[in-house]
Amino acid sequence: MALMNRVAGEGGQIICATHSPVLSGLPGARILELGDDGIRETEWDRLQVVDHWRRFLARPDLYLRYALED
């Protein structure tokens, strides 16, 4: 994260494919999201992965019940 921030701050460009809301939260990042409708530019707080993490953190039991089924 620090290296990415330094490179971008020095005028460099970084292309990073990730499911990480942490990496995509880099200040000043231009975020492109792939979806059923193709590629669209979006904001961090509108990313599907951020929404999924919010819902997981609010109610992990709803997600874990599928992973922990016998």
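## Salt bridges in the model

A salt bridge is a side-chain nitrogen of Lys or Arg within 4 Å of a carboxyl oxygen of Asp or Glu. The structure discussed here is a predicted model, and by this rule four salt bridges are counted in it.

Strand β1 covers residues 31-35 and strand β2 covers residues 38-42; the two run antiparallel and are joined by five bridges.

## Arg30 and Glu41

Glu41 also takes part in a side-chain contact: Arg30 and Glu41 form a salt bridge, with an N to O distance of 3.4 Å. This pair links distant parts of the chain, since Arg30 lies in the loop between α1 (2-9) and β1, while Glu41 lies in strand β2, 11 residues apart. Arg30 has a relative accessible area of 62%. Exposed means over 50%, so Arg30 is classed as exposed.

## Arg40 and Glu33

A further salt bridge connects Arg40 with Glu33, whose closest N and O atoms are 2.7 Å apart. The two partners are classed as follows: Arg40 is partly exposed, at a relative accessible area of 40%, whereas Glu33 is buried, at 11%. The cut-off for buried is under 20%, and Glu33 is therefore placed in that class.

## Arg59 and Asp61

Arg59 and Asp61 also form a salt bridge, and their closest N and O atoms are 2.7 Å apart. Arg59 is partly exposed, with 41% relative accessibility. Asp61 likewise counts as partly exposed, with 40% relative accessibility.

How values were computed. Residues numbered from 1 in each chain as written. Predicted model: local features only at pLDDT ≥ 70, side-chain atom pairs only at ≥ 80, totals over all residues. Heavy atoms only, no water. Pairing = 2+ DSSP bridges. Helix = DSSP H or I, 4+ residues; strand = E, 2+ residues; numbered from the N terminus. Buried < 20%, exposed > 50% of the residue type's maximum accessible area, 1.4 Å probe, protein only.
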